[in-house]
Amino acid sequence: MAANADPITIDRTRIAELTERETERLNEATKGSGETFARANEHLASGVASSYQVREPWPIYLERGDGPKVWDVDGNEMWDFHNGFGSMVQGHAHPAIGQAIKDRYDLGTHFAAPTEDAIVVGDELARRWGLPKWRYTNSGSESTMDAIRIARAATGRDDVLKIFGSYHGHHDTVMVSIGVEYDKIGDHDHPVSLAYGGGIPQSTVDHVFAVHFNDADSMERRIVELDKEGRKPACVIMEAAMMNLGVVLPEEGYLQAVREITAKHGIVLIFDEVKTGLTVAAGGATEKYGVLPDMVTLAKALGGGLPSGSIGMSEELAKVVEDGTVYQVGTYNGNPLGMAAARANLLDVMTPAAYAHLDHLNDRLLAGCEGVIEKYNLPGYAVGIGSKGCVTFATTKVIDYETFKAQQDAAIAELAWLYNMNRGIFMTPGREEEWTLSVTHTDESVDQYVAVFDEMAADLTA
């Protein structure tokens, strides 16, 4: 949906005042997290297991989850719209997945050998995505890392083309051109390649090039230029719908054009569906948009709460794995517990009825948020797909990293997170994130989310 054409200008002082008030309220309500942080910080670096969990003055430590709700160590009960960065579309402690794990545990939890469930999961993934060959990993990062390695081996080329601003995991090759200041992005047709954090060799960065989302012509021009330099990319790795700039959907015809361009130039097209896989449709964004890539990477929602990932590929690409050219390996790949959870997840939980329910909830949530935006004439719009969505605080539609970085309001996004956390909505922090609904969410949870947004809008415009 397009941004509000003539929004009000929100007083920056008012934003700052409300942010200070809401921060104090959250800190007061989460003193148990503060005490936990003091203990955790002694031996855990920054007191957390992942840098994405860091928060000042302390992270919010969770204790348990049940269905659509979570409880923190202070006993605060919240509707979970965070859902483990989109991993828990099934809801917490789903009985079907729990029973599958319990049954598998009694039979042994790890062998580093193939099991029946791995076959069933592969069959179902092939049916849903239309790609005939599959391998397993234990995370999204492993999936994209191995997919790129397979593409490089199959093409005999080293360079990689990605979308500027997209996150594809934490291995070196994809930790490039993710987040930079607006004035450092570079020329539109030649955005810069910059390492995302320390410890990434410049020699690795030099193998990675970026183009902007929703601009197929620019992508082809860059491919032609690189080919003339003897640096045709082995692959294009991209999300079919960007999920770390809030939500940015592909414009009409864009994905079809990318498919045609990569096929014409002999470049492997990888859809990174770590975030969209199983959350936007039964066959992910591949099904939703009707464009078949050469490879797809999955993780997050696949394992129903257990670490699990997979790679789908064409028969041709699979040959470099099957003939031993590429060692696609991992001691825990296809772990029996993970495969049992994935099997129950695919066959018993994420059913056609589940997707109909998610579509109903998300349509209702998006309409409710859009109603608040119109009611208060806010600068922004609601956008989403499947179980995913967000309110993007921008005065024009965000179509790529450039338009995102140029205008989206980080201060209002931070304030929205505080309002949610203080009113029973556990939500992903930061303007780059989005909500993920679960199959256990209800109309009541959606109404609560919209009510909190309405309260914030009223306070901002008072």
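User: Into how many nonpolar, polar and charged residues does the lining of the second largest cavity divide?

Analyst: This is a predicted model, in which local features need pLDDT of at least 70 and side-chain atom pairs count only at pLDDT 80 or more, while totals for chains, interfaces and linings use all residues. Residues are numbered from 1 along each chain as its sequence is written, and side-chain values use heavy atoms, with hydrogens and water left out. The lining of this cavity (a set of points on a 1 Å grid where a 1.4 Å probe fits but cannot get out, lined by residues with an atom within 4 Å of a point) includes T137, N138, Y332 and G334. With Gly counted as polar, the classes come to three nonpolar, seven polar and no charged residues.

User: Which element gives the most residues to the lining of the largest cavity?

Analyst: Of the 20 residues that line the largest cavity, the closest to its centre are V391, F393, A416, M427 and Y449, and the lining as a whole has twelve nonpolar, five polar and three charged residues. At least two lining residues come from each of β14 (388-392), α15 (410-422) and α16 (443-461), where helices are DSSP runs of H or I with at least four residues and strands are runs of E with at least two. The element that gives the most, with five residues, is α15.

User: Are the residues of strand β11 buried or exposed?

Analyst: Strand β11 spans residues 295-298, with M295 and T297 pointing one way and V296 and L298 the other. In a regular strand the side chains alternate between the two faces of the sheet. Whichever way they point, these four residues, judged by relative accessible area with a 1.4 Å probe and protein chains only (under 20% for buried, over 50% for exposed), are all buried.

User: Which residue of β12 stands opposite T297?

Analyst: On one side of the account, strand β10 (residues 268-272) runs parallel to β11 and is joined to β11 by three bridges, with F271 opposite V296. Strand β12 (residues 309-313) instead pairs with β11 in the antiparallel sense over four bridges, where pairing needs at least two bridges found by DSSP. Within β12, the residue that stands opposite T297 is I311.

Conventions
On a 1 Å grid over the protein atoms alone, a cavity is a set of points where a 1.4 Å probe fits but cannot get out, and a pocket is an open set with protein on both sides within 12 Å along at least five of seven lines; lining residues have an atom within 4 Å of a point.
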